[in-house]
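Here is a friendly walk through one protein model, meant to be read with the structure open beside you.

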Amino acid sequence: MLEYDIQAAVNRISLTDFGMAFQHRATFNGRLRTTGGRFLLKTENLEFNPKMFAQVDEATRVGIIRHELCHYHLYRQHKGYKHIDQDFKHLLKQVGGLRYAPRLTPTKPIRIWVYRCENCGQEGLRRRRFDTSRYVCGRCGGHFALIGQRSA
Ligand SMILES: [Zn+2]
Ligand SMILES: [Zn+2]
């Protein structure tokens, strides 16, 4: 579980980088997938992606927080708070916020090929497929048969 005081981090970055207090709530939302965070127009609260925060370094976290704070402060000042607005682009550049959320590395399990000796039943696990006619079992000299794929 990620130990990160998101509310404290947003409060601090708002004061140091924007010179204005963040007066709403900042929380983690586990349902966010590809975005680093989001600004909720209804409540003016900020939500952040805990999976992304767990995978990136502190500089990237600060960049994500600055991005969301740009939406927040511009909206409250009745300025252009959307990605396409010049106000947004300008402020984002000024405070050094991230333009795009970083790509998460997919947590795909490693797949391996499973072989079994047709003679003695010895199992062989390989990252790459091999030609079963070219290799024999190290234990009995029998031939291997491809059983299938399995997660490592
Ligand atoms: Zn945004
Ligand atoms: Zn064998």
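Glu44 sits in the loop between β2 and β3; strands (E, at least two residues) and helices (H or I, at least four residues) are DSSP runs, numbered from the N terminus. Although Glu44 is not a glycine, its phi is positive, about 65°. Is Glu44 buried or exposed? With a relative accessible area of 19%, Glu44 is buried; the word buried stands for under 20%, exposed for over 50% and partly exposed for what lies in between, using a 1.4 Å probe and protein chains only.

Setting aside neighbours within four places in sequence, Glu44 is in contact with Phe22, His24, Phe39, Tyr72, Tyr75 and Arg76, where contact means heavy atoms within 4.5 Å. The side chains of Glu44 and Arg76 are also joined by a polar contact of 2.8 Å. A polar contact is a pair of N or O atoms within 3.5 Å; within protein, one must be able to donate a hydrogen and the other to accept it, and residues adjacent in sequence count only if both atoms are side-chain atoms. From Glu44 to Asp85, 41 residues apart along the chain, the C-alpha separation is 19 Å.

A word on the model itself: it is predicted, so local features need pLDDT of at least 70 and side-chain atom pairs count only at pLDDT 80 or more, while totals for chains, interfaces and linings use all residues. Residues are numbered from 1 along each chain as its sequence is written, chains are lettered from A and ligands numbered from 1 in the order in which they are written, and side-chain values use heavy atoms, with hydrogens and water left out.

His78 is another residue that has a positive phi without being a glycine, at about 60°. You will find His78 in the loop between α3 and α4, where it counts as exposed at 74% relative accessibility.

Now for the metal. Which residues coordinate the zinc ion (ligand 1)? They are His67, His71 and His83, each through NE2, at 2.1 Å. Donors here are N, O and S atoms within 2.8 Å of the metal (3.2 Å for Na, K and Ca); water is not among the atoms, so sites may look incomplete. Along the sequence, the donor residues follow the spacing H-x3-H-x11-H. His67 lies in helix α3 (residues 58–76) and His83 in the loop between α3 and α4 (86–95), so this pair ties together parts that are 16 residues apart in sequence.

Asp17 belongs to helix α1 (residues 6–18). Beyond its neighbours within four places in sequence, Asp17 is in contact with Arg66 and Val95. Asp17 and Arg66 are 49 residues apart in sequence, yet their C-alpha atoms are 8.0 Å apart in space, and a polar contact of 2.7 Å joins their side chains.

| Residue | Relative accessible area | Class |
|---|---|---|
| His67 | 8% | buried |
| Asp17 | 28% | partly exposed |
| His83 | 38% | partly exposed |

Next, the strands. Strands of a sheet pair through backbone hydrogen bonds, either parallel or antiparallel. Three strands form an open sheet in the order β1-β3-β2, with mixed pairing; two strands pair if DSSP finds at least two bridges between them. At the edges are β1 (26–28) and β2 (37–39), each pairing on one side only. From one strand to the next, the twist averages 20°. β1 and strand β3 (residues 46–48) are parallel partners over three bridges, and Ala26 has Leu46 as its bridge partner in β3. Helix α3 packs on the sheet, touching β2 and β3, and its direction makes about 5° with that of β2. Helix α1 lies across β1 and β3, running at about 140° to β1. For these angles, axes are lines fitted to C-alpha atoms, for helices over the stretch in contact, and values run from 0 to 180 degrees between N-to-C directions.

Further along, strand β4 (residues 111–117) and strand β5 (residues 123–126) pair in the antiparallel sense over four bridges. Val114 stands opposite Leu125 in β5. The two strands β4 and β5 make a hairpin with five residues between them, and Gly121 in the turn has a positive phi of about 85°.

Finally, the overall layout: the chain is divided into domain 1 (6–95) and domain 2 (111–151), with bounds that come from an automatic or database domain assignment. Taken over C-alpha atoms, the centres of domain 1 and domain 2 are 53 Å apart.
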